[in-house]
2 protein chains.
Amino acid sequence: MGFEFEFSGTGDARRVPVYGCDCPACERANRDPGQARRACSALVKAGGYTLMLDAGRTDLCETFPPGSFQAILLTHYHMDHVMGLFHLRWGAKHTVPVYGPSDSRGCDDLYKHPGILDFQTPMVPFTTVNLGPLKITPLPLNHSRPVLGYCIEHQGKRLAYLTDTVWLPESSLDWLCEHRPDVMVLDCSTPPKPEPPRNHNDLTLALELVNIIRPGRTLLTHVGHQLDEFLMMNPALPNDVGVAADGMRLEMS
Amino acid sequence: MGFEFEFSGTGDARRVPVYGCDCPACERANRDPGQARRACSALVKAGGYTLMLDAGRTDLCETFPPGSFQAILLTHYHMDHVMGLFHLRWGAKHTVPVYGPSDSRGCDDLYKHPGILDFQTPMVPFTTVNLGPLKITPLPLNHSRPVLGYCIEHQGKRLAYLTDTVWLPESSLDWLCEHRPDVMVLDCSTPPKPEPPRNHNDLTLALELVNIIRPGRTLLTHVGHQLDEFLMMNPALPNDVGVAADGMRLEMS
Ligand SMILES: [Mn+2]
Ligand SMILES: [Mn+2]
Ligand SMILES: [Mn+2]
Ligand SMILES: [Mn+2]
Ligand SMILES: [Zn+2]
Ligand SMILES: [Zn+2]
């Protein structure tokens, strides 16, 4: 059995293609929509339960009719991770529980006018909770806002979802080394940068984290157009590291 | 010649269909996408110049490639009128001038991270400016945030775009009576309400305003699903009043 993990979006805040950009990666995505990257998000499915991980896709209402998911779990309140909620909240006849980090600001007027969104008590770092059949452990990340990554566990299989982050706080790194994930989904927004990156991993930091944590397999997400262009020229990655794509599914069993 | 006005969206903040709603209006819009109402917005075209009026549609990048419009004019910074900017701002290689009311808050981090958006000095009520070949006069409206309506004039033809508003400030009402528009596009979000409406006109207030201002023709916009349902049962409106629809075009000549 186990669980299924589906990437519903793998792009950075600019998405791919970038509006008006004619770089090779954006031109490829314009020619072939299968290469486009929407807002970074995912669906986790187990035993008839579906959890939506981040809600930045603006077509949530059109794509996921009521009943398509039972709850939403947010990493943080940056617009590219919550934009879809601004329409979803005005839905009728049902409510949607929303879990996420402690962040008093939220995003624009989401807290003031939650509509059908039922914001839950904030998640507490390293305190495991059950959402449906899934065991979720929140892990603090390094970013310009309060962000939580999540270790998702079901029937002995572990997937760690770690975006948006630059490197990792020591406490989360230690936890992941002690609870080695079968799959790690990791923020890697840009190609290697000359200076230390801010807010998001470049490829150098991401691969260093893979070497320390040594998950069974790593998939890079939150990918920007410049990383896509870099990978078109330099496709070689370690054997256990891949690049996520919109629509990619992982069977965790 | 004159100018062309195209409704790119005519819905209220909930849009039509409302997510998960099975009222007759939402069911109709689900069956027939031509009856759907997107975020309230419009395009104004004259002599090769295109002005985008509000930017709430989330598919701006996909629908309007760079060069499709020369500037954006905002009525206000509520999410349903600016949401499309959160993607548009990350575009490449060109800038977009954005005009609008004075509002120190803006929306989320738009001012902090404007990207390609070039926010202009705020519009001043009753002070006419030229945007391309269009003469634009900002008119204060009544809403829960600073909002400006606009009288758009070109070659002697006048269109007043008045949303979001409940009734009108005395000064704007006087101005409109003195400068009777050929076409008035007016906020009418709901069917007649038992209590005085807040923030948006109901049909009662909208028709009273038509009687006072007496424009050549009035088109109601910012329409919610309950007004659509009401109009399915009560389609009779005064001869000079119609209901806008997504995609509707007016030739102002
Ligand atoms: Mn992000
Ligand atoms: Mn972020
Ligand atoms: Mn509105
Ligand atoms: Mn408004
Ligand atoms: Zn590009
Ligand atoms: Zn409805």
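Biologist: What order do the strands take in the open sheet of chain A?
Modeller: The order is E6-E5-E4-E3-E2-E1-E14, seven strands with mixed pairing. Strands here are DSSP runs of at least two residues and helices (H or I) runs of at least four, numbered from the N terminus; two strands pair if DSSP finds at least two bridges between them. This is a predicted model, where local features need pLDDT of at least 70 and side-chain atom pairs pLDDT 80 or more, while totals for chains, interfaces and linings use all residues. Residues are numbered from 1 along each chain as written, chains are lettered from A and ligands numbered from 1 in written order, and side-chain values use heavy atoms, without hydrogens or water.

Biologist: Which strands stand at the edges?
Modeller: Strand E6 (117-119) and strand E14 (249-252) of chain A. Each has a single partner strand, so one side of each has no neighbour in the sheet.

Biologist: How do E5 and E6 of chain A run, and how many bridges join them?
Modeller: They run parallel, joined by three bridges. In one of the pairings, A:Pro97 has A:Asp118 in E6(A) as its bridge partner.

Biologist: Switching to metal. Which protein donors does the manganese ion (ligand 3) have?
Modeller: B:Asp80 (OD), B:His81 (NE2), B:Asp164 (OD) and B:His222 (NE2), lying 2.2 Å from the ion. Donors are N, O and S atoms within 2.8 Å of the metal (3.2 Å for Na, K and Ca), and sites may look incomplete as water is not among the atoms. The sequence spacing of the donor residues is D-H-x82-D-x57-H.

Biologist: Where do B:Asp164 and B:His222 lie in chain B?
Modeller: B:Asp164 is in the loop between strand E10 (157-162) and helix H5 (170-178), and B:His222 in the loop between strand E12 (217-221) and helix H7 (225-233), so the pair ties together parts 58 residues apart in sequence.

Biologist: Are those two buried or exposed?
Modeller: B:Asp164 counts as buried at 1% relative accessibility, and B:His222 counts as buried at 2%. Buried means under 20% relative accessible area, exposed over 50% and partly exposed in between (1.4 Å probe, protein chains only).

Biologist: What does B:Asp164 bridge?
Modeller: B:Asp164 bridges the manganese ion (ligand 3) and the manganese ion (ligand 4), which lie 3.4 Å apart.

Biologist: And what superposes chain A on chain B?
Modeller: A rotation of 180° with 0.0 Å of shift along its axis, at RMSD 0.0 Å.

Biologist: Which C-alpha of chain A is nearest the axis?
Modeller: That of A:Asp108, 2.6 Å from the axis.

Note on methods:
Least-squares fit on C-alpha atoms with pLDDT ≥ 70 in both.
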